[in-house]
Amino acid sequence: MSICGPKMKMDPTLHREKKPDWIKVRLPNNPAFWSTKSLITDLKLVTVCEEAQCPNRWECWGQGTATFMIAGDKCTRACGFCAVKTAKPDALEADEPARVAEATRRMNLRHVVITAVARDDLRDGGAEHFQRTIHAVREANPEIIIEVLVPDFNDRDWALQMVMDARPHIFNHNLETVERLTPLVRSRAQYQRSLTVLKKAKAMVDGKVATKSGIMLGLGERRDEILRAFDDLLAHDVTVLTMGQYLRPTQKHLPVVEYITPDSFDELKEIALAKGFRHVASGPLVRSSYHAANFRPELDVLAAIEADVRAAKGLELGPEHLPLPAPHAGLIQAIA
Ligand code: SF4
């Protein structure tokens, strides 16, 4: 991050072809990997693990976790870093929410991450599909922690509200990079818009959600720009941060300008925590959903969401739901 200046932008000759030793990928070595793979195939689900060529899939799938990507495998945007294909998307599959829910049940997940391609072809950007998926997952698995990693819905508040009305426990929307590089890295998105989406999402549910965001390093960002991104996220009420090394999926994607050392990731983590983030995952192979269950929302947030969900269903609240419902107490121990 220290070697970059404005003139360097994305000159392909800057690309660091040789990966350093600390970028290591673990190969599948246990049956859980293959059983996760076959379950995903059986249920005809799409995962960001595969579509984005995530380097951690051997590890995550081997531990029986995956991040589901709903609304198809074709994205309407063409971000310079992302391996998901850009094409005219297919129609939404009405039974996909139920299939995702079934997967969480069969995998016995205690924490699920649900993401989607950007669906700028749909008026709601896929918000209703998120809503239906959250409802289906909760119905099939009432104790699960639900994390959504969403696009910006073109800043349509009513679409964002649809997602928040379904009451995810964690709302994740990635900044992906620093402000200066945003037009290069994700041309159809805006840095400030992403910040306001994060802030608005939290406000829509009176603060009763954990908000999370992530940035990739190694794209040419400067240290002062990273620190400003920290401040900007904190000023927009984000409390969970992820940072990982950008890896170039193909030669058509943006070059890697720098491989950040593990020590630098550790140092940035300490700085971010000192600035006020509640939880920070930082390391070369960290991705938005990597070890996502290591973070759990505050107990009062979990209790408030549970109460609101039950109230929305017209269920009476008993004293056991204040401040923390009994099922969540066990759950929290399970994922701690
Ligand atoms: S880090 Fe996330 S996207 Fe990557 S394999 Fe793990 S669950 Fe999938």
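Colleague: Which residue follows H11, and is its phi positive or negative?

Modeller: Gly314 comes after H11, and its phi is positive, near 80°. Helices here are DSSP runs of H or I with at least four residues, strands are runs of E with at least two, and both are numbered from the N terminus. Residues themselves are numbered from 1 along each chain as its sequence is written. Keep in mind that this is a predicted model, where local features need pLDDT of at least 70 and side-chain atom pairs count only at pLDDT 80 or more, while totals for chains, interfaces and linings use all residues.

Colleague: Which other helices are followed by a residue with positive phi?

Modeller: H10 is followed by Gly276, with phi near 135°. After H8 comes Asp206, with a positive phi near 55°.

Colleague: How many helices and strands are in the chain?

Modeller: The chain has 12 helices and seven strands.

Colleague: How far apart are the end C-alpha atoms of H10, and what span should its residues give?

Modeller: Expected span is 1.5 Å times one less than the number of residues. H10 covers residues 262-275, and its 14 residues should span 20 Å; the end C-alpha atoms are 20 Å apart, which agrees. H11 (residues 299-312) likewise has 14 residues and reaches 20 Å, close to the 20 Å expected.

Colleague: Which residues of H10 are buried?

Modeller: An α-helix has 3.6 residues a turn, so residues three or four places apart point the same way. In H10 the buried ones are Phe265, Leu268 and Ala272. They sit on the same side of H10, because they cover an arc of only 65° around the axis (taken from the directions from the axis to the C-beta atoms). Asp263, Asp266, Glu270 and Ala274 are exposed on the face turned away from that buried side.

Colleague: What do the buried residues of H10 pack against?

Modeller: Their partners are helix H9 (223-235), strand E6 (240-245) and strand E7 (279-282). H9 and H10 pack at about 30° with axes 10 Å apart; axes are lines fitted to C-alpha atoms over the stretch in contact, and angles run from 0 to 180 degrees between N-to-C directions. On the H9 side, Ile226, Leu227, Phe230, Asp231 and Leu234 meet Leu268, Ile271, Ala272 and Lys275 of H10, a contact being two C-beta atoms, placed from the backbone, within 7 Å.

Colleague: Which residues of H8 are buried, and what covers them?

Modeller: Ser194, Leu195, Val197, Leu198 and Ala201 are buried in H8. Their arc is only 155°, which puts them on the same side of H8. The cover includes H6, strand E4 (170-172), strand E5 (210-217) and H9. Gln192 and Ala203 are exposed on the face turned away.

Colleague: At what angle do H6 and H8 pack?

Modeller: H6 (residues 157-165) and H8 (residues 191-204) pack at about 55°, with axes 10 Å apart. That makes H6 oblique to H8; under 35 degrees is roughly parallel, over 145 roughly antiparallel, 65 to 115 roughly perpendicular, and the rest oblique. Asp157, Leu160, Gln161 and Met164 of H6 make the contact with Val197, Lys200, Ala201 and Met204 of H8.

Colleague: Is Arg248 buried or exposed?

Modeller: Arg248 lies in the loop between E6 and H10. Arg248 counts as buried because it has 20 C-beta neighbours inside 10 Å. Arg248 and Cys82 are 166 residues apart in sequence and 8.4 Å apart in space, C-alpha to C-alpha.

Conventions:
Buried ≥ 20, exposed ≤ 12 C-beta atoms within 10 Å, placed from the backbone.
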